Amino acid sequence: MAGISFTRRAGLAAGSAIATAALIGARGSAAQGAPVKVGELNSYARMAAFSVPYRNAIQLAVDGINRAGGVMGGRPLEFVFRDDGSTPGDAVRVAEDLLTREGCAFLAGTFLSNVGLAVSDLANQRKKLFLATEPLTDALTMAQGNRYTWRLRPSTYMQTRMLTEAARGRTTRRWAIVAPNYEYGQSAAANFKRLITASIPGAEIVAEQYPALGRVDAGATVGALAQARPDGIFNVLFGPDLTAFVREGNTRGLFERRFVLSMLTGEPEYLIPLGDETPEGWIVTGYPWEQITDGPHKAYIDAYRARFNDTPRKGSLLGYVTAQVVANLLNKANSLDSEVLVEAFKDLRTDTVVGNVTMRALDQQGTMGTWVGETVLRGRQGAMRNARYADGADYLFPEAEVRAARRG
Amino acid sequence: MDVGFIVVQSLSGLASASALFIIASGLTLVFGVTRIVNFAHGSFYMLGAYIAVTVVPWLLEIDRSPTLFFTGVLISAIAVGVLGVLMELLLLRRLYKVPELFQLLATFGVVLMVQDAVLKIWGPVDIPGPRAPGLRHGVEILGQRFPAYELFLIVIGPAVLGLLWLLMHRTRFGILIRAATRDREMVGALGVNQAMLFTGTLFLGAALAGLGGALQIPRVSASSQMDLSIITEAFVVTVIGGMGSVPGAFLAAVLIGQLQAFGVLVFPKITLVLVFLLMAAVLVVKPWGLLGRPEAAAGRAALPEGILAVRGFGRVEKLIAGLAIAAMLAVPVFGDAYTVKVATEVLIFALAAFSLNFLVGNGGIVSFGHAAYFGLGAYAAGLLVTKGGLPMEPALLAAPIAGGLFAALFGFFVVRLSGIYLAMLTLAFAQIAYAVCFQWVEVTGGDNGVVGVWPSAWAASRQVYHYVVAACAILAIIALRRVVYAPFGATLRAARDSEQRADAIGIDVRTHRWLAFTLAGGAAGLAGGLYAFSKGSIDPTLLAIPLSVDFLAMILLGGIQTVMGAVAGAAAFHTIKDIFMPLTDFWRFLLGASIIALVLVFPRGLAGAFAGWRA
């Protein structure tokens, strides 16, 4: 085993040396010296549709940062990517590997909420910074929040609130909820129940369905929802469950004359597989990258498409912004000490491709937002209409709630 | 509720049942003839869907006709059948002479490889299939709209059942299948070409799985996770129906379909566990499933699988054991922090695997749900620390007690069964325990689990905690090993090799098995408690099927015929995984390939190969 780990490390070192050399060759001002290593763990095998574009974009951003002189006064930035095995047990071991053997200054990444929480607790125990990028669970920054854990992406609460506020002014009273039966689905449903009455006074929930993740029995679920005769549907399904649900719902006319709010459906990861079955007129959160026409965001999209010969996904955007925030953090802290990094993160403002992103000190949640718009069919593909960027800063948890949840 | 709704909901259930039956019928045929628990059946289903979403749109380009659509579906099914034949010829055929469980391990390796192969070939994005031409629309039934394609599915299930009936009763091949399902040894003794029979059955089984997958494409998109989502359900259907019984599978599928369709109305969250509750209930009442029959061979003294000769340690073995213990104790002195971490986990898994092999190798009790006791131990320890405010020491004591108590409770029912039915009942109980941990959010934290399960201050460092684990795990393994060598262990082996004979000489087989199950559960619980403190968190993946399968893989890699094989297997499995995971995104492919390679090279496991070399 020792022999193998030696070759692995040697291989990585050689790889980064070649990369650095190539960069130095490319431009005189490129970064030099010992690289600053960030340990990135994510579900590359199991959630490849999200995580591979995410990793690609980080690579793209990091190469740009290093060409422009690196971080902390000229050191190259390096992300060490690892698969987190998609279980908390594997992820904690991988995180230890990144912190001890690979000598990473801090951790970033994770996809599933339970994995994110386990790594967050490890970070707290080992007193190392952890930037959770994708896990959406509210617990990460609320009840289970800790000093060393920060989250970039809008949480379940924030995205639910973006949708319920988009429903303001409607008269849809009778609502049905369909959500995958795990933490993300359950807490989106709970947030929805709490928030919808603020937008539509007198709104009531007439049906709830919680199919097991990845195993929706679409016919039975659609039948049960239709039977309750709701006026509106709040959907939290995504991925293969969403495709099955939408097809069944289209054939059975579930969505006709019904107002639908749907989480994440506008993200290319989930919209592309819907194809010409994309239902029209749903209010969704998503990423209409094709509607970005100027500024650094457009420049990033062009660079991404040129380099990877693929259209960007929501994961790509998150990866790019992650690298920008990390670089800014390192420059501001100018130290790899965890305590200095944590202090530097407090209310850190980063000018990213989606605009300003601030890491709010109170709950250690970033203000990166997302797009809210209406689904529409363009040709044989779904798209978003009337999309607007909802700045996360407007949808954070109220300060009093954060204080109550994070007490102690 | 109006009549129209009830009728349509029931039709939805029938459509799901039809789809499920087609897949499960293949599984039950393969099991009936070859006695292989084919984990790769779900992979065949997935491959059927992927091949169909590739072939069918290409055919529809020529002409959007229903004929071409169903031609594409049949082509996919046949292509998957050919893949099944390849698996039989290249892999399973080499393994018919080794214990049956090894074929299970080999098919598990195939599952891992296919998962990554699919990602490589078709990419990670879900691929939606085309709708069936002519069956896109909805049909009005009693004022409710119902998809025409699902009406078609409702018809196709019974049609497949009818065709299979004709095949089984009107062709020589089918008669041989039935004969082999009843009594495989007798068929062999009568001079039937078993190799041809097995290859043909694998073709039929895989083709049915492929057909099931291909027929799903108008309803669900092809995704790389559909294999695991279907395989447990297909197992449940075959077991409820009775392994090897095609009509039984049909009956069970209809039952499950209806239960799902109406279950979601009453308990919208219960889909996770409903089928397993049904399976547990059926098996407790009817130990062979609804239409299954006791194995004809059940009464014979079969060639025993598992630990045969319990020789004591010779000089070489003593030296190796001493070196292994010394190496484990020296890790914190010489190894870096990460090596310590991995060594700690190897020790924990060694204990868990050893306790499983105590059941499988020594007692012939094959448990597919051993992670349940591991996880329940972890939960007991974790909840006592985080919610109960206790320190680590009493919590670690509670872990084996919890594991043992639940093993005693579940084991009471489990030991009444035998063979594959016993294995499936352990799986059902494990899934029920998993669902409780998953669903009871207030106490267990749901699927997020509970964090903050860290050792007491004196044991907080990785090095000290490693010694805590080493002391607990090594002592527990030594204690369990003594039980194997004690009269109790010998009694279990006697009951394993011939229940009737053991019974005849006055052994209370059930009580002995029950005690063994409880003891193994306690040991697994201890391992789970140790694991929780090494990770700092508990969550339902600790009770989940993948971990149970990992434990099985460990003991099979090590070899179930030897006492210490499980320890070697745990070390090998965990090390392989740890080496491959950082190397590539396709680590599951490498893990699967190395499992298959090890099974082929060491068909009796690592320790079995060592014992052979010594002899």
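A crossover is right-handed if, with the strands pointing away from the viewer, the path from the first strand over the helix to the second runs clockwise. This is a predicted model, in which local features need pLDDT of at least 70 and side-chain atom pairs count only at pLDDT 80 or more, while totals for chains, interfaces and linings use all residues. Residues are numbered from 1 along each chain as its sequence is written, and chains are lettered from A and ligands numbered from 1 in the order in which they are written.

Q: Which elements make the right-handed β-α-β unit?
A: Strand S8 (residues 232-235), helix H8 (residues 239-252) and strand S9 of chain A make this unit. Helices (H or I, at least four residues) and strands (E, at least two) are DSSP runs, numbered from the N terminus.

Q: What makes helix H7 (residues 218-227) of chain A mostly covered?
A: In H7(A), 10 of 10 residues are buried, among them Thr221(A), Leu225(A) and Gln227(A). Just after H7(A), Arg229(A) takes a positive phi of about 45°.

Q: Why is Met72(A) called partly exposed?
A: Met72(A) has 18 other C-beta atoms within 10 Å, a count in between the limits for exposed and buried, so the middle class applies. Met72(A) lies in the loop between H2 and strand S2 (77-83) of chain A, and has a positive phi of about 50° although it is not a glycine.

Q: Why is Lys127(A) called exposed?
A: Lys127(A) has 11 other C-beta atoms within 10 Å, and 12 or fewer counts as exposed. Lys127(A) is in the loop between helix H4 (113-126) and strand S4 (130-132) of chain A. Lys127(A) is not a glycine, yet has a positive phi of about 55°.

Q: How do you know that chain A is divided into domain 1 and domain 2?
A: The bounds come from an automatic or database domain assignment, which gives domain 1 as 2-15 + 33-154 + 293-366 and domain 2 as 157-291 + 370-405. Their C-alpha centres lie 28 Å apart. Contact (C-beta atoms, placed from the backbone, within 7 Å) takes 23 residues from domain 1 of chain A and 21 residues from domain 2 of chain A.

Q: What makes up the side of chain B that touches chain A?
A: In the contact between the chains, 56 residues of chain B meet 61 residues of chain A. The largest share of the chain B side, 7 residues, comes from helix H1 (residues 3-34) of chain B. By class, the chain B side has 24 nonpolar, 19 polar and 13 charged residues, where Ala, Val, Leu, Ile, Met, Phe, Trp, Tyr, Cys and Pro count as nonpolar, Asp, Glu, Lys and Arg as charged, and the others, Gly among them, as polar.

Methods
Pairing = 2+ DSSP bridges. Contact = placed C-beta atoms within 7 Å. Buried ≥ 20, exposed ≤ 12 C-beta atoms within 10 Å, placed from the backbone.
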